[in-house]
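Thanks for coming. I will go through one structure today, starting with confidence, then salt bridges, then pockets, then a few single residues.

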Amino acid sequence: MHVPTDGITTAAPLRRPVTVPWMAAWTGETTLSTPLIVRPGERGGIAYTDELPTDRGENDALLHRGRSTVRHGKRGRPLFAVVHPNRQRRAMRKLLCHVCGESADRNELGVLWLLDNVPANCPQGWPQEEITAHPPLCLGCAAKAVEQCPELEKGFTAVRVRDPQPYGYRGQLYTRDLSRLRSPIPVVAKETENLAFDDPLLPWLLATQSTVCLVGCTTVDLVPGQRHD
């Protein structure tokens, strides 16, 4: 993995993950699958057959219902590569650490984020206005992530964000069945799509994750008080 130097990284031996992120799904959780229909009326888009007011998010986006609640703490095996939709959206909405589920770290420079990229590989000005589906972290969990997370193996950047702004949703994009124009059943147009809140295709997205725009970024080390301009 990596350790921070000047806000970027140096290589270190890869370690086997031992910390299960709060945001990860588990084998003991079952995906809640509800039939979708083409939404009637002028609005168009997709809807659940038994839709509730809580199924709609920002700008009337249809939210994925997530995964079933696990009782008595028996959750099977962690699925490190699978994000629990409800926990991810909660982490973004409340700025929670996606590893432990507690409040993310915040200081005078802003909220702490770890980005799995480095400035040398990005356009000038990055990470200002970066769009991400990765929620922030607390300091303790950020250190664990650097030691354990394979996604950070090729490099990472620690950033303080003064004004993380809700941007949109990531999810599965649907469309009408063009082979059966009167069919009420939509079909998948794209397995993964990122859309802004004002995108005209948003009514056709089954939103699994929230995204934010990172505004007011300062690249930092994971040591409080250190700063890189």
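First, a term: pLDDT is the predictor's confidence in each residue, on a scale from 0 to 100. Contact, as I use the word, means heavy atoms within 4.5 Å. What you see is a predicted model, in which local features need pLDDT of at least 70 and side-chain atom pairs count only at pLDDT 80 or more, while totals for chains, interfaces and linings use all residues. Residues are numbered from 1 along each chain as its sequence is written, and side-chain values use heavy atoms, with hydrogens and water left out.

The protein chain has an average pLDDT of 86, and 87% of the residues score at least 70. Where does pLDDT stay under 50? One such stretch is residues 1–15, for which the model has 53 contacts beyond four places in sequence. Over residues 225–229 the pLDDT is also below 50, and that stretch has twelve contacts in the model beyond near neighbours in sequence. Where pLDDT is low, the predicted coordinates should not be read in detail.

Now the salt bridges. The criterion is a side-chain nitrogen of Lys or Arg within 4 Å of a carboxyl oxygen of Asp or Glu. Searching the whole structure gives eight of them.

I also need secondary structure: helices (H or I, at least four residues) and strands (E, at least two) are DSSP runs, numbered from the N terminus. For accessibility, buried means under 20% relative accessible area, exposed over 50%, and partly exposed in between, with a 1.4 Å probe and protein chains only.

Take Arg 87 and Glu 29, whose side chains form a salt bridge at 3.1 Å, N to O. This pair links distant parts of the chain, 58 residues apart: Arg 87 belongs to helix 1 (residues 85–94), and Glu 29 to the loop between strand 3 (24–26) and strand 4 (36–38). Arg 87 and Glu 29 are both buried. There is also a network of salt bridges here, linking Glu 29, Arg 67 and Arg 87.

Another salt bridge joins Asp 60 to Arg 39, with 2.7 Å between the closest N and O atoms. Asp 60 is in the loop between strand 5 (46–48) and strand 6 (62–63) and Arg 39 in the loop between strand 4 and strand 5, so the pair ties together parts 21 residues apart in sequence. Is Asp 60 buried or partly exposed? Asp 60 is partly exposed, at a relative accessible area of 29%, whereas Arg 39 is buried at 14%.

Asp 55 pairs with Arg 65, the closest N and O atoms again being 2.7 Å apart. Asp 55 sits in the loop between strand 5 and strand 6, and Arg 65 in the loop between strand 6 and strand 7 (78–83), ten residues away. Both Asp 55 and Arg 65 are buried.

On to pockets. On a 1 Å grid over the protein atoms alone, a pocket is an open set of points where a 1.4 Å probe fits, with protein on both sides within 12 Å along at least five of seven lines; lining residues have an atom within 4 Å of a point. Volume is the space filled by probe spheres set on the points.

The largest pocket has a volume of about 760 Å³. Its lining has 27 residues, and Pro 21, Phe 80, His 98, Cys 149 and Glu 151 are those nearest the centre. Strand 7 and helix 2 (139–148) are the elements that give two or more residues to this lining.

The second largest pocket comes to about 330 Å³. Of its 18 lining residues, Arg 89, Met 92, Arg 93, Tyr 169 and Ser 210 lie nearest the centre. Helix 1, strand 11 (157–175) and strand 13 (205–220) each contribute at least two residues to this lining.

Last, single residues. In helix 1, the buried residues include Pro 85, Arg 87 and Arg 89. Just after helix 1, Leu 95 has a positive phi of about 55 degrees.

His 64, in the loop between strand 6 and strand 7, is buried at 15% relative accessible area. Beyond four places in sequence, His 64 touches residues including Pro 85, Asn 86 and Arg 89.

Leu 137 is in the loop between strand 10 (130–132) and helix 2, and is buried at 2%. Its C-alpha lies 6.3 Å from that of Asp 105, 32 residues away along the chain. Asp 105 is also among the contacts of Leu 137, as are Trp 113 and Ala 142.
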